[in-house]
2 protein chains.
Amino acid sequence: MTDTPRAWETVLRSIETDLLAGTLAPGDRLPPERQLAAGLSVGRSSVREALRVLEVLGLIRTQTGSGPQAGAIIVATPSGGMSALMRFQVAARGFAVRDVVATRLLLEAAVVTELATSGADLAASTQLLDAMDSPSLTEAEFLALDAQFHVSLAEASGNEVVAAMMAGLRNSIESYVLEAAPEWHSWPATSERLRREHRSILEAIRNTTADLARERVRNHITTYYSESRLTPDSAIT
Amino acid sequence: MTDTPRAWETVLRSIETDLLAGTLAPGDRLPPERQLAAGLSVGRSSVREALRVLEVLGLIRTQTGSGPQAGAIIVATPSGGMSALMRFQVAARGFAVRDVVATRLLLEAAVVTELATSGADLAASTQLLDAMDSPSLTEAEFLALDAQFHVSLAEASGNEVVAAMMAGLRNSIESYVLEAAPEWHSWPATSERLRREHRSILEAIRNTTADLARERVRNHITTYYSESRLTPDSAIT
DNA sequence: GTCTCCGTGTGGTCAGACCACACAGAGATC
DNA sequence: GATCTCTGTGTGGTCTGACCACACGGAGAC
C-alpha cells in the first residue's frame, strides 16, 4: 500500500516535472547520466532505462562523444514515438490492421475537409507530387514519397497531433503494404493512377470543394488498401 | 556505414519479429531476462532497457516473484502507451493543447456519427452515465467517469485504434483539466449540465440522427474546454 | 490432513569497469 | 603566425556481478 515507485519511474517523473515547469525545453541538454543518477539517488542503469523510454517516445535524441551535440537533447518529435507504438501494437494484435486503415481514412477525410475550407499553404505537398513524377523512382522510393505526401497534408492543416498520428498509422502497416506490393497488377499503371488521384485531391482542395476532396480521398485510400489486400471495409464515416 | 544497431534495439527487433511470426502472442510469457540476454548475446541491462520500452508502450506487464503470473507477459494494452506518449509530448511542447482538443473533437464527432449510423451496443456507455448520477461522487471521481464515458463511446464503435487515441488524448491533458476545475463557477451546476449533455448525445445516437449527435458532441466538448480555459478554437471539422 | 517454513526463480536495483566516440585544446610543424 | 596533429577528457553504450524483494511451491513439522 506504500506504493513505492520503481526507480526509473522516479527519473521519468522528474523529467516530466521539469518539462512542465519549463526548466527543460526543446533544444536543451539533459544532465549527463551519471550526474542525473547522483542527483536522484538512483543507479545509472535506472536512469538509462528512463532515457531509453524517452528516446523511443521521440522526446530526446542521444549522441555519443563530447561537445555541444553530445548527450541527450530534448527534441519532441512525436511521429517517431507514434510509429513505434503503433507498429508494436499491430505486431502484438492490439491493433487490427482494419482499424488502422479505418482511422487513417477518418483522419485524412477530416484533414482535406479542413484544408479545403481554410485554404492553407500546399506548397510542400505540391513539391512532393512533382518529385513523384520522376520516372527513375523505384517502387519503394515512390511509396515513401507517397507516405510523405499524405503526412504533408496533415501538417498543412496545422494540427501536429493529427500529423503525428498519420505518420504513425502509415508506418505501422508499411511492412504489410510493401509485402503486398509485388501482387499489384502493373506497377507503371498503379503509380500513374496514384499520381492522378493525388493531383485530383489537391485540385479539389484548391477549389474549396470539401465534399469532393473527401470523396476522392475516400476512393483513393480504399482502392489503395484494397489492391494491397488489406481489409478496406468498416471505415468510420 | 556498417550501421551497428544498439544492443537494446536488437532485443526489440527480436521480440517484434517473434510477435509478427506468431511465436509470441498476447498472454504468453517472455523468457526470463537472463535467458533472453544469453540467447541474444547481450547484457541483461540491454534486455531490461528494451523491456522497459515495451512496458511503457503497453505491450508487456512485468511482475516480480515466481509462478505463472511472474515475469513479463504480453498484454497489448495500447491506451497506456498512447497516454504516456501524448502526456510527454504535451509536456515537451511537441503537441499543443489546442491540437489535442481539436483532435479529440474530430475523433469523437466521427465516433458518434458511426454509432448513430450503425446502431452499436451502448450498454457500457449507459451504465457509466447511471454511475455518474450518484450524488456522493467527488469532483475527481466524476471527471474520471466522464473520461471513461467518452472512451466507451469510441470502444462501442469497434475501432480500437480510435479508442486508444481518445484515451491518450484525454489523459494527456487531464492534469490541465483538474488544475482548471476549481475555477468552474459552480460544480453542482456544471456536473448537472454535463450529465444532461451526455444523455442528449446518447439520445441522438439512439435516434440515428447523426448530424444532431455530432452537433451535440461539438457543443459539449467546446463548452467543456472553454470553461477549463483551454483554447477551444481551431477545431478541424 | 493441515500448517509452517525455506528453497528457488523471478524482476528491480546498484556499483564498477571498460569501450567507442567526438570534441577541444596543447603542442609540434610549417 | 597559421596550420596540422595528437592526446586528454567527458559523454553515451555495454557488460558483469552482486544483492534485494517478492511470490510461489514443495518439504517438513505438527
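Me: How far is a phosphate oxygen of DNA strand D from an N or O atom in the side chain of Arg52(A)?
Reply: The model is predicted. A polar contact needs N or O atoms within 3.5 Å. The side chain of Arg52(A) has an N or O atom whose distance from a phosphate oxygen of DNA strand D is 3.1 Å.

Me: Which residue has a side-chain N or O atom 3.2 Å from a base nitrogen of DNA strand D?
Reply: Sugar and phosphate make up 65% of the atoms of DNA strand D that come within 4 Å of the protein. Bases are contacted too: a base nitrogen lies 3.4 Å from a side-chain N or O atom of Arg44(B). At 3.2 Å, the residue is Arg34(A).

Me: Why does the salt bridge between Arg52(B) and Glu49(A) join two chains?
Reply: The closest N and O atoms of this salt bridge are 2.8 Å apart. Both residues are buried. The pair joins two chains because Arg52(B) lies in helix α3 of chain B and Glu49(A) in helix α3 of chain A.

Me: Where does Arg195(B), the salt-bridge partner of Asp133(B), lie?
Reply: The closest N and O atoms of the pair are 3.6 Å apart. Asp133(B) sits in the loop between α6 (123-131) and α7 (139-156) of chain B. The two residues are 62 residues apart, and Arg195(B) lies in helix α10 (residues 187-206) of chain B.

Methods:
Residues are numbered from 1 along each chain as its sequence is written. Chains are lettered from A and ligands numbered from 1 in the order in which they are written. This is a predicted model: local features need pLDDT of at least 70, side-chain atom pairs count only at pLDDT 80 or more; totals for chains, interfaces and linings use all residues. Side-chain values use heavy atoms; hydrogens and water are left out. A residue is near a molecule or strand if one of its heavy atoms lies within 4 Å of it. A polar contact is a pair of N or O atoms within 3.5 Å; within protein, one must be able to donate a hydrogen and the other to accept it, and residues adjacent in sequence count only if both atoms are side-chain atoms. A salt bridge is a side-chain nitrogen of Lys or Arg within 4 Å of a carboxyl oxygen of Asp or Glu. Helices (H or I, at least four residues) and strands (E, at least two) are DSSP runs, numbered from the N terminus. Buried means under 20% relative accessible area, exposed over 50%, partly exposed in between (1.4 Å probe, protein chains only).
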